[in-house]
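Have a look at it first.

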Amino acid sequence: MLKFPEHFIFGTATAAHQIEGDNKSNDWWHYEQTGQLPYKSGKACNHWNMYREDIDLMASLGYGAYRFSIEWARLYPQEGNRDDSAIERYNKMLKLLNSKGITPLITLHHFTLPLWFLSKGGFEREENLKHWERYVETVRDEIKGGMYIATFNEPMVYVMAGYIEGQWPPFKKSVRLASRVEANIIRAHNIAYEILKDKFKVGIVKNIPIFLSSSPQQKDLKSAKKADDIFNFNFLSGIWSGKLKAIYGNYRVPEGDADFLGVNYYTAYTARHVPNPLKLFLQVELADMSPRKTDMGWSVYPEGIYKAIEKVSRYERPIFITENGIATTDDDWRIEFIVKHLQHVHRAIKDGYDVRGYFHWSFMDNFEWDKGFAPRFGLVEIDYSTFERKPRKSAYIYGEISKTKEIKNEILERYGEA
Ligand code: GAL
């Protein structure tokens, strides 16, 4: 049997745009309508209207924590125009969560922006941070019953997808802009930390992919380290040091802090050297770590979660696994995925790493950004034609783990790693 510490929290994670539906004032919605994004989020899971049912379900399944995001564009659909009914709705969600003993973790930026903010240049321009400041102050003054706040979700994914690969809004391909956005996000995090720190525990959520060298050759080994630095460490170190080594160039930012670090972990990548300065001499690809691939095309590599914990432990802050999950309709495989990753989390705790909780991605199937509704990440299945919620077997097994804070031998034997 594997026993987790009493204070350890087990929860699930979602994000506003992926579940709420009708997020009409943000940039993703806009580009979904223009066709620059391949899929439309539409009503998503209709969670904006069904949040009571969803939170009741979470409670009945036995989950002890819930990570979700506030949609900035709902609070401020137009510049300077605050919608108090949206604040009220989020406060109702928080009240309900607290009444059920579910610990909330709120994300402030989960990829989407109010369209008006993006139209002003978004995080490309430092002077725009005054608008972010206003949003964060509103959260501090009006949002009641939160405990943990993550300022940003996966800032480097946002920077890469929106400013290097040009696949997500605002569809740009510029290392210079990407670097500027990276610096401004650190500034924005540090601004938010100062505003919120007396009322909440304030952290940041970072996707920590594992970069492996594509060969034993020196140049490839160096490339793997370089990818790790560019994507993982330079950003995080910049929060505390005040010096950001960005993708391109160095930036001075005010020194800041974080009360905790959220780790999102999914899979591993290989890095190799390529003789192309435009690619920063680096080629990064999905690693082939398991014969079977998820519906995202990702390998399953459970020991990577231990490595991710080990990596961020250098910052000496409490760690939450804020996302970890699998896109599949084979629910037995999902159970296996959860159990195996939790075995490695447990090992990390035993080895002395300060891991405080695990949030499974996701509570329910949802809108997977530029992949649409096809990938099924949910513990709970969504029938998108009726919005019926159907907990999968994994939802119950994970609920047992959450309630008892242990994984029983029969589950370990059937689904775990030897
Ligand atoms: C993360 C992201 C989530 C979710 C997940 C699965 O990068 O934060 O919003 O989409 O990946 O792909």
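This is a predicted model: local features need pLDDT of at least 70, side-chain atom pairs count only at pLDDT 80 or more; totals for chains, interfaces and linings use all residues.

Tutor: Residues are numbered from 1 along each chain as its sequence is written, and side-chain values use heavy atoms, with hydrogens and water left out.

Student: Which residues come nearest to the ligand?

Tutor: A residue counts as near if one of its heavy atoms lies within 4 Å of the molecule. The shell around the ligand has 6 nonpolar, 4 polar and 3 charged residues (Ala, Val, Leu, Ile, Met, Phe, Trp, Tyr, Cys and Pro count as nonpolar, Asp, Glu, Lys and Arg as charged, the others, Gly among them, as polar). Of those 13 residues, the nearest are Q18, H110, E154, E323 and E368.

Student: How far is a polar side-chain atom of E154 from an oxygen atom of the ligand?

Tutor: A polar contact here is a pair of N or O atoms within 3.5 Å. The side chain of H110 has an N or O atom 2.8 Å from a ligand oxygen, and for E323 that distance is 2.9 Å. For E154, it's 2.5 Å.

Student: Why does the pair of W28 and W168 count as edge-to-face?

Tutor: The whole structure holds 39 aromatic pairs (Phe, Tyr and Trp rings, the six-membered one for Trp, with centres within 6.5 Å). Planes under 30 degrees apart count as stacked, over 60 as edge-to-face and the rest as tilted. The W28 and W168 ring centres are 5.3 Å apart and their planes sit at 75°, so the pair is edge-to-face.

Student: Where is P170, at the end of the cis peptide bond from P169?

Tutor: Most peptide bonds are trans. The bond from P169 to P170 is cis, with omega near 5°, and the one from W361 to S362 is also cis, with omega near 15°.

Student: What is the phi of A44?

Tutor: Most residues other than glycine have a negative phi. A44 sits in the loop between α2 and α3. Though A44 is not a glycine, its phi is positive, at about 45°.

Terms used
A polar contact is a pair of N or O atoms within 3.5 Å; within protein, one must be able to donate a hydrogen and the other to accept it, and residues adjacent in sequence count only if both atoms are side-chain atoms. Helices (H or I, at least four residues) and strands (E, at least two) are DSSP runs, numbered from the N terminus.
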